Amino acid sequence: MNLNVTLTLLCLILVGIAIEGVHCKVVQFIFGDSLSDVGNNRYLSRSLATANLPFYGIDFGNGLPNGRFTNGRTVADIIGDNTGLPRPPAFLDPSLTEDVILENGVNYASGGGGILNETGGYFIQRLSLWKQIELFQGTKELITNKLGKQATDKFFNDANFVVALGSNDFINNYLMPVYSDSWKYNDQTFVQYLMETLQKQLLTLHNLGARKLMVFGLGPMGCIPLQRVLSTSGQCQERTNKLALSFNKAASQLLSNMQSRLPNANFKFGDAYDVVDDVIQNPNKYGFNNSDSPCCSLGRIRPALTCLPASTLCSDRSKYVFWDEYHPSDSANQLIANELIKKFGFLGGSSNSPAPAPAPESASAPSPDEE
(Lines give C-alpha, C1' and ligand atoms only; values in the text may rest on other atoms or scores of the structure.)
Protein backbone atom coordinates (compact mmCIF):
# COMPACT_ATOMS: atom_id res chain seq x y z
CA MET A 1 0.00 0.00 0.00
CA ASN A 2 1.56 3.31 -1.05
CA LEU A 3 1.84 6.40 1.14
CA ASN A 4 -0.99 8.32 -0.55
CA VAL A 5 -3.43 5.46 -0.09
CA THR A 6 -2.38 5.07 3.53
CA LEU A 7 -2.92 8.77 4.25
CA THR A 8 -6.30 8.73 2.54
CA LEU A 9 -7.43 5.79 4.65
CA LEU A 10 -6.22 7.53 7.79
CA CYS A 11 -8.28 10.57 6.85
CA LEU A 12 -11.36 8.41 6.37
CA ILE A 13 -11.10 6.77 9.80
CA LEU A 14 -10.37 9.89 11.79
CA VAL A 15 -13.19 10.50 14.27
CA GLY A 16 -12.46 13.91 15.68
CA ILE A 17 -8.82 12.98 16.30
CA ALA A 18 -6.23 15.43 14.97
CA ILE A 19 -3.11 13.56 13.86
CA GLU A 20 -0.25 15.90 13.15
CA GLY A 21 1.22 15.55 9.67
CA VAL A 22 -1.71 13.66 8.15
CA HIS A 23 -3.34 15.49 5.25
CA CYS A 24 -6.62 14.53 3.65
CA LYS A 25 -6.88 14.73 -0.11
CA VAL A 26 -7.39 18.23 -1.52
CA VAL A 27 -10.64 18.43 -3.47
CA GLN A 28 -12.86 21.09 -5.05
CA PHE A 29 -16.30 22.41 -4.18
CA ILE A 30 -17.80 24.19 -7.17
CA PHE A 31 -20.71 26.64 -7.10
CA GLY A 32 -21.95 27.93 -10.43
CA ASP A 33 -24.39 28.06 -13.31
CA SER A 34 -24.61 26.28 -16.67
CA LEU A 35 -20.98 27.12 -17.46
CA SER A 36 -19.96 24.77 -14.60
CA ASP A 37 -22.94 22.39 -14.31
CA VAL A 38 -21.86 18.75 -14.68
CA GLY A 39 -25.30 17.20 -14.35
CA ASN A 40 -27.28 18.63 -11.44
CA ASN A 41 -30.08 19.88 -13.68
CA ARG A 42 -30.48 16.39 -15.14
CA TYR A 43 -32.02 15.46 -11.80
CA LEU A 44 -34.37 18.46 -11.62
CA SER A 45 -37.37 16.86 -13.33
CA ARG A 46 -39.22 20.11 -14.06
CA SER A 47 -36.25 22.25 -15.07
CA LEU A 48 -36.33 23.90 -18.48
CA ALA A 49 -32.56 24.49 -18.29
CA THR A 50 -31.11 21.12 -19.22
CA ALA A 51 -28.43 19.71 -21.52
CA ASN A 52 -29.95 16.26 -21.88
CA LEU A 53 -30.26 16.24 -25.67
CA PRO A 54 -27.81 15.35 -28.42
CA PHE A 55 -25.33 16.81 -29.22
CA TYR A 56 -24.29 18.02 -25.80
CA GLY A 57 -21.30 15.99 -24.59
CA ILE A 58 -20.43 14.78 -28.07
CA ASP A 59 -16.70 15.29 -27.41
CA PHE A 60 -16.69 14.02 -23.84
CA GLY A 61 -16.40 10.40 -22.72
CA ASN A 62 -18.83 8.21 -24.65
CA GLY A 63 -20.20 11.19 -26.58
CA LEU A 64 -23.60 11.09 -24.90
CA PRO A 65 -25.22 13.98 -22.97
CA ASN A 66 -23.76 14.17 -19.47
CA GLY A 67 -25.27 17.37 -18.11
CA ARG A 68 -22.55 19.73 -19.35
CA PHE A 69 -23.85 22.61 -21.47
CA THR A 70 -21.13 22.25 -24.09
CA ASN A 71 -19.66 19.71 -26.48
CA GLY A 72 -16.79 18.83 -24.13
CA ARG A 73 -15.29 20.07 -20.88
CA THR A 74 -16.16 23.00 -18.67
CA VAL A 75 -13.62 25.62 -17.60
CA ALA A 76 -13.68 24.18 -14.07
CA ASP A 77 -12.98 20.69 -15.49
CA ILE A 78 -9.90 21.95 -17.29
CA ILE A 79 -8.54 24.01 -14.39
CA GLY A 80 -8.92 21.05 -12.06
CA ASP A 81 -7.21 18.73 -14.54
CA ASN A 82 -4.30 21.13 -14.94
CA THR A 83 -3.81 21.45 -11.19
CA GLY A 84 -4.09 17.75 -10.44
CA LEU A 85 -7.48 17.92 -8.72
CA PRO A 86 -10.26 15.37 -9.29
CA ARG A 87 -13.41 16.35 -11.13
CA PRO A 88 -16.18 16.76 -8.53
CA PRO A 89 -19.41 14.89 -9.31
CA ALA A 90 -22.81 16.57 -9.37
CA PHE A 91 -24.36 16.93 -5.93
CA LEU A 92 -27.65 15.43 -7.14
CA ASP A 93 -25.97 12.35 -8.61
CA PRO A 94 -27.65 9.42 -6.80
CA SER A 95 -24.30 7.64 -6.43
CA LEU A 96 -22.83 10.43 -4.28
CA THR A 97 -21.64 9.22 -0.88
CA GLU A 98 -19.47 10.58 1.93
CA ASP A 99 -16.53 8.57 0.63
CA VAL A 100 -16.99 9.98 -2.89
CA ILE A 101 -17.08 13.50 -1.44
CA LEU A 102 -13.85 12.91 0.49
CA GLU A 103 -12.18 11.58 -2.64
CA ASN A 104 -13.55 13.99 -5.27
CA GLY A 105 -15.37 16.97 -3.72
CA VAL A 106 -18.77 18.11 -5.00
CA ASN A 107 -20.11 20.27 -7.82
CA TYR A 108 -23.33 22.16 -6.94
CA ALA A 109 -23.51 24.23 -10.16
CA SER A 110 -26.91 24.48 -11.80
CA GLY A 111 -27.90 25.74 -15.24
CA GLY A 112 -30.01 28.90 -14.94
CA GLY A 113 -28.82 29.61 -11.40
CA GLY A 114 -27.73 33.03 -10.25
CA ILE A 115 -26.43 34.98 -7.31
CA LEU A 116 -29.99 36.15 -6.73
CA ASN A 117 -32.81 33.78 -5.82
CA GLU A 118 -35.14 35.40 -8.34
CA THR A 119 -32.79 34.90 -11.31
CA GLY A 120 -33.85 32.33 -13.91
CA GLY A 121 -37.34 31.93 -12.50
CA TYR A 122 -38.84 30.98 -15.84
CA PHE A 123 -36.61 27.88 -15.93
CA ILE A 124 -38.95 26.64 -13.15
CA GLN A 125 -36.26 24.57 -11.42
CA ARG A 126 -32.64 25.62 -10.89
CA LEU A 127 -30.36 25.96 -7.88
CA SER A 128 -29.52 29.54 -6.93
CA LEU A 129 -26.24 30.26 -5.16
CA TRP A 130 -28.06 30.54 -1.83
CA LYS A 131 -29.56 27.08 -2.41
CA GLN A 132 -26.18 25.66 -3.43
CA ILE A 133 -24.65 27.02 -0.21
CA GLU A 134 -27.50 25.45 1.77
CA LEU A 135 -26.73 22.10 0.12
CA PHE A 136 -23.05 22.55 0.94
CA GLN A 137 -23.93 23.14 4.57
CA GLY A 138 -25.69 19.77 4.54
CA THR A 139 -22.61 18.23 2.95
CA LYS A 140 -20.44 19.54 5.76
CA GLU A 141 -22.80 18.06 8.34
CA LEU A 142 -22.52 14.66 6.62
CA ILE A 143 -18.73 14.77 6.67
CA THR A 144 -18.70 15.95 10.28
CA ASN A 145 -20.80 12.95 11.27
CA LYS A 146 -18.27 10.71 9.54
CA LEU A 147 -14.94 12.30 10.53
CA GLY A 148 -15.64 14.44 13.57
CA LYS A 149 -15.22 18.21 13.83
CA GLN A 150 -11.43 18.59 13.82
CA ALA A 151 -10.75 16.40 10.81
CA THR A 152 -13.74 17.91 8.98
CA ASP A 153 -12.54 21.46 9.59
CA LYS A 154 -9.12 20.57 8.20
CA PHE A 155 -10.63 18.84 5.17
CA PHE A 156 -12.69 21.90 4.20
CA ASN A 157 -9.99 24.42 5.13
CA ASP A 158 -7.62 22.65 2.71
CA ALA A 159 -10.19 22.33 -0.09
CA ASN A 160 -10.48 24.63 -3.10
CA PHE A 161 -13.75 26.52 -3.54
CA VAL A 162 -14.87 27.91 -6.91
CA VAL A 163 -17.74 30.40 -7.31
CA ALA A 164 -18.69 31.14 -10.93
CA LEU A 165 -22.05 32.87 -11.34
CA GLY A 166 -23.41 36.24 -12.39
CA SER A 167 -24.19 36.13 -16.10
CA ASN A 168 -27.71 34.79 -15.55
CA ASP A 169 -28.40 37.60 -13.10
CA PHE A 170 -28.11 39.94 -16.08
CA ILE A 171 -29.21 37.89 -19.11
CA ASN A 172 -31.99 35.94 -17.39
CA ASN A 173 -33.10 38.60 -14.93
CA TYR A 174 -32.11 42.26 -15.03
CA LEU A 175 -32.09 42.64 -18.82
CA MET A 176 -35.51 41.03 -19.21
CA PRO A 177 -38.59 43.20 -18.50
CA VAL A 178 -40.54 40.21 -17.15
CA TYR A 179 -38.45 40.45 -13.98
CA SER A 180 -39.14 43.16 -11.40
CA ASP A 181 -35.40 43.75 -10.94
CA SER A 182 -35.37 45.30 -14.42
CA TRP A 183 -37.40 48.29 -13.23
CA LYS A 184 -36.45 48.35 -9.54
CA TYR A 185 -32.79 49.08 -10.28
CA ASN A 186 -30.58 50.92 -12.73
CA ASP A 187 -27.27 49.53 -14.03
CA GLN A 188 -25.24 50.88 -11.12
CA THR A 189 -27.62 49.97 -8.32
CA PHE A 190 -28.19 46.47 -9.70
CA VAL A 191 -24.47 45.73 -9.63
CA GLN A 192 -24.40 47.06 -6.06
CA TYR A 193 -27.30 44.75 -5.19
CA LEU A 194 -25.37 41.79 -6.63
CA MET A 195 -22.25 42.70 -4.65
CA GLU A 196 -24.16 43.07 -1.39
CA THR A 197 -25.69 39.63 -1.94
CA LEU A 198 -22.42 38.03 -3.05
CA GLN A 199 -20.61 39.41 -0.01
CA LYS A 200 -23.11 37.73 2.32
CA GLN A 201 -22.78 34.47 0.38
CA LEU A 202 -18.97 34.45 0.44
CA LEU A 203 -18.99 35.32 4.14
CA THR A 204 -21.33 32.35 4.74
CA LEU A 205 -18.94 30.07 2.84
CA HIS A 206 -16.03 31.39 4.90
CA ASN A 207 -17.96 30.69 8.08
CA LEU A 208 -18.54 27.14 6.80
CA GLY A 209 -14.81 26.60 6.32
CA ALA A 210 -13.95 27.96 2.85
CA ARG A 211 -10.44 29.42 3.07
CA LYS A 212 -9.11 28.97 -0.48
CA LEU A 213 -11.76 30.50 -2.72
CA MET A 214 -11.70 31.55 -6.36
CA VAL A 215 -14.37 33.69 -7.99
CA PHE A 216 -14.57 33.70 -11.79
CA GLY A 217 -15.35 36.98 -13.51
CA LEU A 218 -17.77 37.48 -16.40
CA GLY A 219 -16.83 37.50 -20.05
CA PRO A 220 -18.24 39.82 -22.74
CA MET A 221 -21.86 38.67 -22.33
CA GLY A 222 -23.07 41.07 -25.00
CA CYS A 223 -21.16 39.05 -27.61
CA ILE A 224 -22.72 35.63 -27.04
CA PRO A 225 -24.67 34.55 -30.14
CA LEU A 226 -28.02 35.03 -28.37
CA GLN A 227 -27.28 38.67 -27.59
CA ARG A 228 -26.07 39.31 -31.14
CA VAL A 229 -29.09 37.74 -32.82
CA LEU A 230 -31.44 39.72 -30.57
CA SER A 231 -29.78 43.01 -31.48
CA THR A 232 -30.85 45.00 -34.50
CA SER A 233 -27.34 45.11 -35.98
CA GLY A 234 -26.09 41.61 -35.23
CA GLN A 235 -23.16 43.16 -33.36
CA CYS A 236 -22.21 42.80 -29.71
CA GLN A 237 -24.52 44.60 -27.30
CA GLU A 238 -22.31 47.18 -25.65
CA ARG A 239 -24.55 47.87 -22.67
CA THR A 240 -24.45 44.18 -21.71
CA ASN A 241 -20.67 44.15 -22.02
CA LYS A 242 -20.37 47.24 -19.85
CA LEU A 243 -22.44 45.52 -17.19
CA ALA A 244 -20.00 42.60 -17.23
CA LEU A 245 -17.07 44.99 -16.83
CA SER A 246 -18.82 46.76 -13.95
CA PHE A 247 -19.49 43.41 -12.28
CA ASN A 248 -15.84 42.36 -12.64
CA LYS A 249 -14.49 45.61 -11.24
CA ALA A 250 -16.83 45.50 -8.26
CA ALA A 251 -16.26 41.78 -7.58
CA SER A 252 -12.49 42.17 -7.74
CA GLN A 253 -12.63 44.94 -5.16
CA LEU A 254 -15.01 42.91 -3.01
CA LEU A 255 -12.66 39.90 -2.96
CA SER A 256 -9.69 42.10 -2.12
CA ASN A 257 -11.54 43.72 0.78
CA MET A 258 -12.81 40.41 2.14
CA GLN A 259 -9.39 38.78 2.01
CA SER A 260 -7.86 41.66 3.95
CA ARG A 261 -10.29 41.38 6.84
CA LEU A 262 -11.27 37.69 7.08
CA PRO A 263 -8.96 35.39 9.06
CA ASN A 264 -6.89 32.95 6.96
CA ALA A 265 -8.80 33.86 3.81
CA ASN A 266 -7.13 33.32 0.46
CA PHE A 267 -9.73 34.80 -1.86
CA LYS A 268 -8.83 35.33 -5.52
CA PHE A 269 -10.68 36.88 -8.45
CA GLY A 270 -10.10 35.54 -11.96
CA ASP A 271 -10.87 37.88 -14.84
CA ALA A 272 -10.61 36.52 -18.38
CA TYR A 273 -12.73 39.26 -19.98
CA ASP A 274 -9.95 40.80 -22.07
CA VAL A 275 -8.68 37.58 -23.58
CA VAL A 276 -12.19 36.32 -24.39
CA ASP A 277 -13.03 39.66 -25.96
CA ASP A 278 -9.86 39.45 -28.05
CA VAL A 279 -10.78 35.93 -29.16
CA ILE A 280 -14.20 37.16 -30.26
CA GLN A 281 -12.82 40.20 -32.07
CA ASN A 282 -9.82 38.39 -33.60
CA PRO A 283 -10.73 34.69 -33.79
CA ASN A 284 -8.13 33.78 -36.44
CA LYS A 285 -5.36 34.88 -34.09
CA TYR A 286 -6.35 32.03 -31.76
CA GLY A 287 -7.09 29.35 -34.36
CA PHE A 288 -10.85 29.94 -34.62
CA ASN A 289 -12.75 30.88 -37.74
CA ASN A 290 -16.15 31.74 -36.21
CA SER A 291 -16.87 33.79 -33.10
CA ASP A 292 -20.35 35.16 -33.70
CA SER A 293 -22.64 32.15 -34.23
CA PRO A 294 -23.17 28.76 -32.59
CA CYS A 295 -21.65 25.53 -33.89
CA CYS A 296 -24.91 23.73 -33.10
CA SER A 297 -27.89 25.52 -34.62
CA LEU A 298 -31.05 25.20 -36.69
CA GLY A 299 -29.58 27.27 -39.47
CA ARG A 300 -31.64 30.40 -40.09
CA ILE A 301 -34.09 29.54 -37.32
CA ARG A 302 -32.61 31.55 -34.47
CA PRO A 303 -32.35 31.77 -31.66
CA ALA A 304 -32.76 28.08 -30.89
CA LEU A 305 -32.01 28.37 -27.20
CA THR A 306 -30.56 24.86 -26.94
CA CYS A 307 -28.78 22.42 -29.20
CA LEU A 308 -31.44 20.02 -30.50
CA PRO A 309 -31.38 16.59 -32.19
CA ALA A 310 -32.67 18.33 -35.31
CA SER A 311 -29.81 20.84 -35.23
CA THR A 312 -26.95 20.96 -37.70
CA LEU A 313 -23.38 20.86 -36.43
CA CYS A 314 -20.56 22.95 -37.82
CA SER A 315 -17.97 21.00 -39.82
CA ASP A 316 -15.15 21.56 -37.29
CA ARG A 317 -16.15 22.14 -33.67
CA SER A 318 -12.62 23.18 -32.71
CA LYS A 319 -12.93 26.27 -34.93
CA TYR A 320 -16.02 27.72 -33.24
CA VAL A 321 -15.83 29.89 -30.13
CA PHE A 322 -19.46 29.14 -29.23
CA TRP A 323 -21.14 25.76 -29.01
CA ASP A 324 -24.74 27.00 -28.71
CA GLU A 325 -26.42 30.39 -28.29
CA TYR A 326 -25.10 30.78 -24.73
CA HIS A 327 -22.10 28.57 -24.08
CA PRO A 328 -18.49 28.36 -25.29
CA SER A 329 -17.13 25.30 -27.06
CA ASP A 330 -14.59 22.94 -25.51
CA SER A 331 -11.81 24.68 -27.44
CA ALA A 332 -12.86 28.09 -26.14
CA ASN A 333 -13.17 26.74 -22.61
CA GLN A 334 -9.59 25.47 -22.88
CA LEU A 335 -8.39 28.95 -23.79
CA ILE A 336 -10.42 30.59 -20.99
CA ALA A 337 -9.12 28.05 -18.46
CA ASN A 338 -5.52 28.69 -19.50
CA GLU A 339 -6.02 32.41 -18.90
CA LEU A 340 -7.58 31.87 -15.48
CA ILE A 341 -4.78 29.50 -14.50
CA LYS A 342 -2.33 32.32 -15.24
CA LYS A 343 -4.44 34.85 -13.35
CA PHE A 344 -4.75 32.59 -10.32
CA GLY A 345 -1.02 31.91 -10.34
CA PHE A 346 -1.23 28.13 -10.52
CA LEU A 347 2.16 26.56 -11.15
CA GLY A 348 2.99 23.63 -13.40
CA GLY A 349 0.65 20.81 -14.26
CA SER A 350 -0.66 19.65 -17.59
CA SER A 351 -4.15 18.69 -18.57
CA ASN A 352 -5.07 15.07 -18.00
CA SER A 353 -8.44 15.53 -19.63
CA PRO A 354 -9.14 14.01 -23.01
CA ALA A 355 -8.92 16.26 -26.02
CA PRO A 356 -12.11 16.70 -28.04
CA ALA A 357 -12.93 13.97 -30.51
CA PRO A 358 -12.29 14.71 -34.18
CA ALA A 359 -14.99 16.73 -35.85
CA PRO A 360 -17.49 14.71 -37.90
CA GLU A 361 -16.95 14.45 -41.61
CA SER A 362 -20.42 15.79 -42.24
CA ALA A 363 -21.73 18.93 -40.63
CA SER A 364 -25.24 17.57 -40.51
CA ALA A 365 -26.85 15.80 -37.60
CA PRO A 366 -27.11 12.03 -38.11
CA SER A 367 -30.41 10.56 -39.12
CA PRO A 368 -32.16 8.30 -36.60
CA ASP A 369 -30.95 5.13 -38.32
CA GLU A 370 -27.33 6.30 -38.07
CA GLU A 371 -27.37 6.75 -34.29
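Modeller: Rolling a probe the size of a water molecule over the atoms shows where empty space is left. In this predicted model, the largest pocket holds about 870 Å³ of space.

Colleague: Which residues lie nearest the centre of the largest pocket?

Modeller: The lining of the largest pocket comprises 47 residues, and those nearest its centre are Leu 35, Ser 167, Tyr 326, His 327 and Pro 328. Two or more lining residues come from each of α2 (75-82), α6 (167-174), α11 (273-281), β9 (320-322) and α12 (330-344).

Colleague: Which element gives the largest share of that lining?

Modeller: Helix α12 gives the largest share of the lining of the largest pocket, with five residues.

Colleague: How do the residues of the lining of the largest pocket divide into nonpolar, polar and charged?

Modeller: The lining of the largest pocket has 32 nonpolar residues, 13 polar ones and two charged ones.

Colleague: How much space lies in the second largest pocket?

Modeller: The second largest pocket contains about 200 Å³ of space. It is lined by 14 residues, and Ile 171, Leu 175, Met 176, Gln 227 and Leu 230 are the closest to its centre. The elements α6, α9 (225-230) and α10 (238-261) each give two or more residues to this lining.

Colleague: Which element gives the largest share here, and which classes does the lining have?

Modeller: The largest share of the lining of the second largest pocket comes from α9, with three residues. By class, that lining has nine nonpolar residues, four polar and one charged.

Key. Residues numbered from 1 in each chain as written. Predicted model: local features only at pLDDT ≥ 70, side-chain atom pairs only at ≥ 80, totals over all residues. Heavy atoms only, no water. 1 Å grid on protein atoms, 1.4 Å probe; cavity = no way out; pocket = protein on both sides within 12 Å on 5 of 7 lines; lining within 4 Å. Points joined across faces, edges and corners; volume = space filled by probe spheres on them. Helix = DSSP H or I, 4+ residues; strand = E, 2+ residues; numbered from the N terminus. Nonpolar A, V, L, I, M, F, W, Y, C, P; charged D, E, K, R; others polar.
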